Amino acid sequence: MKPRSLGVERLPQTKTYQCLSCDSVAHHKGLCRSCTQYDESGTVLKPVQRTRLNADGSVWEVPDNRIRPAAVTVDTLRAHRKAQKKLSKKQRAKAKAQQKAMADAMKKEMEAKVAIETQEDGSVLIGESEEE
Ligand SMILES: [Zn+2]
């Protein structure tokens with residue numbers, strides 16, 4: 001289905017290929033017919049490939065964005081370390097205080113749980129004894 005309501009007719013992205021030998025331009029990849037040498041039977045003797053061009057006319061090159069996962073990991077770690085280094089003393093103290101507060105809260109919660117199970121005489125009640 002083609003969207004018709006857009007009203008904007010988008011031109012298909014035409015790729016441009018130019019023979020760097022004779023400067024002839026084509027919109028498809030392949031051999032330049034005037035530069036490629038054939039023998040009498042039509043077999044290619046010396047193929048001359050057209051070179052893909054960018055919209056601005058410069059030679060298009062395969063984008064080098066195939067980053068290996070390992071490289072990403074290293075970069076990520078490096079960025080992470082950098083970000084940590086950027087923390088000011090105040091920020092570090094705050095982060096530390098938050099961690100301590102959390103640890104304290106957990107400790108208190110555990111102590112509270114123990115307190116509930118602790119009898120007045122100090123013995124800890126573990127479940128209910130069925131043997132009387
Ligand atoms: Zn050519």
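This passage walks through the predicted fold, from its overall make-up to a few individual residues.

The structure is a predicted model, in which local features need pLDDT of at least 70 and side-chain atom pairs count only at pLDDT 80 or more, while totals for chains, interfaces and linings use all residues. Residues are numbered from 1 along each chain as its sequence is written. The predictor's confidence in each residue is given by pLDDT, on a scale from 0 to 100. For this protein the mean pLDDT is 80, and 71% of the residues reach 70 or more.

The secondary structure comes to 2 helices and 5 strands. Helices (H or I, at least four residues) and strands (E, at least two) are DSSP runs, numbered from the N terminus. Read from that end, the elements follow the pattern β-β-β-β-β-α-α.

Strands of a sheet pair through backbone hydrogen bonds, either parallel or antiparallel. Here, two strands count as paired if DSSP finds at least two bridges between them. An open sheet of 3 strands has the order β2-β1-β5, and its pairing is antiparallel. Because β2 (25-26) and β5 (51-53) stand at the edges with a single partner strand each, one side of each is left without a neighbour in the sheet. Strand β1 (residues 16-18) is joined to β5 by 3 bridges, and Gln18 stands opposite Thr51 in β5.

Burial and contacts round out the overall picture. A residue is buried if 20 or more other C-beta atoms lie within 10 Å of its own, exposed if 12 or fewer, and partly exposed in between, with C-beta atoms placed from the backbone. Buried residues make up 2% of the 132 residues. Two residues are in contact if their C-beta atoms, placed from the backbone, lie within 7 Å. Of the contacts between residues at least 6 apart in sequence, 23% join residues at least 24 apart.

Two loop residues deserve a friendly introduction. Asp23 lies in the loop between β1 and β2, and is exposed because 8 other C-beta atoms lie within 10 Å. Most residues other than glycine have a negative phi. Asp23 has a positive phi of about 65° although it is not a glycine. Asn54 sits in the loop between β5 and α1 (69-85); with 11 other C-beta atoms within 10 Å, Asn54 is exposed. The C-alpha atoms of Asn54 and Lys15 are separated by 7.7 Å, while the two residues are 39 residues apart along the chain.
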